[in-house]
Amino acid sequence: MKRIQIINGPNLNLLGKREPTVYGSQTFEAYFEELKLLFPDAELSYFQSNSEGELIDKIHEVGFSADGIVLNAGAYTHTSVAIADAIRSITTPVIEVHISNVFKREAFRHHSYLSEACKGCIVGFGMDSYRLAVNAVLNF
Ligand code: DQA
């Protein structure tokens, strides 16, 4: 059974309430229950933090044992050399995910420090971006 760790960064704990026109009206907790039902043969875990250091600690913790990490680093995507270095430091492949199509949004969202360190990126499919990423890990 493949072990897949989903990691969400800052402000993603407010999914469902936060800018619903951009991010939808479902909480991640509700979506995660649906996701687990879709992939009964995978071991899915979920972690969220608003702190850069805690995200890095989680990447280190699972990054030598999980089969894949699905990472939505939120705004740290556009700022964090430290998270990019954490991704480069581990052996587990990381898939970068975004709910919104960041390329249709403000220019500062067009650059990701993380993409170059990741195996691939899935951007702009709403919550379904996470399902596509889990599916990608299962097909490695
Ligand atoms: C996001 C896009 C980021 O630019 C933003 O800061 C987020 C969410 C997304 O999932 O679309 O917090 O990562």
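**Helix faces and the ligand site**

Leu-38 has its place in helix 2, where helices (H or I, at least four residues) and strands (E, at least two) are DSSP runs numbered from the N terminus. The model is a predicted one, in which local features need pLDDT of at least 70, side-chain atom pairs count only at pLDDT 80 or more, and totals for chains, interfaces and linings use all residues. Residues are numbered from 1 along each chain as its sequence is written, and side-chain values use heavy atoms, with hydrogens and water left out.

With a relative accessible area of 53%, Leu-38 is exposed (buried means under 20%, exposed over 50%, partly exposed in between; 1.4 Å probe, protein chains only). Leu-38 lies 8.5 Å from Arg-131, C-alpha to C-alpha, although 93 residues separate the two in sequence.

Helix 5 (residues 128–138) comes next. Its buried residues are Ser-129, Tyr-130, Ala-133, Val-134 and Val-137. These fall within an arc of 135 degrees seen down the axis of helix 5, so they line one face of the helix; the arc is that of the directions from the helix axis to the C-beta atoms. An α-helix has 3.6 residues a turn, so residues three or four places apart point the same way. The buried residues of helix 5 pack against helix 2 (28–38) and against strand 1 (2–8), strand 2 (42–48), strand 3 (68–72), strand 4 (94–98) and strand 5 (120–123), contact here meaning heavy atoms within 4.5 Å.

Helix 3 (residues 52–62) can be read likewise. Leu-55, Ile-56, Lys-58, Ile-59 and Val-62 are buried there, and seen down the axis of helix 3 they fall within an arc of 160 degrees, so they line one face of the helix. Their cover includes strands 1, 2 and 3 as well as helix 4 (81–89). In strand 1, Gln-5 is buried, with a relative accessible area of 6%. Beyond its neighbours within four places in sequence, Gln-5 is in contact with residues including Lys-58 and Val-62.

Finally, the ligand. Around it stand Arg-18, Tyr-23, Asn-72, Gly-74, Ala-75, His-78, His-98, Ile-99, Ser-100, Val-102 and Arg-109, a residue counting as near if one of its heavy atoms lies within 4 Å. For an N or O atom in the side chain of Arg-18, the distance to a ligand oxygen atom is 3.0 Å. Taken alone the ligand exposes 320 Å², of which the protein buries 99% (Shrake-Rupley method, 1.4 Å probe).

Methods
A polar contact is a pair of N or O atoms within 3.5 Å; within protein, one must be able to donate a hydrogen and the other to accept it, and residues adjacent in sequence count only if both atoms are side-chain atoms.
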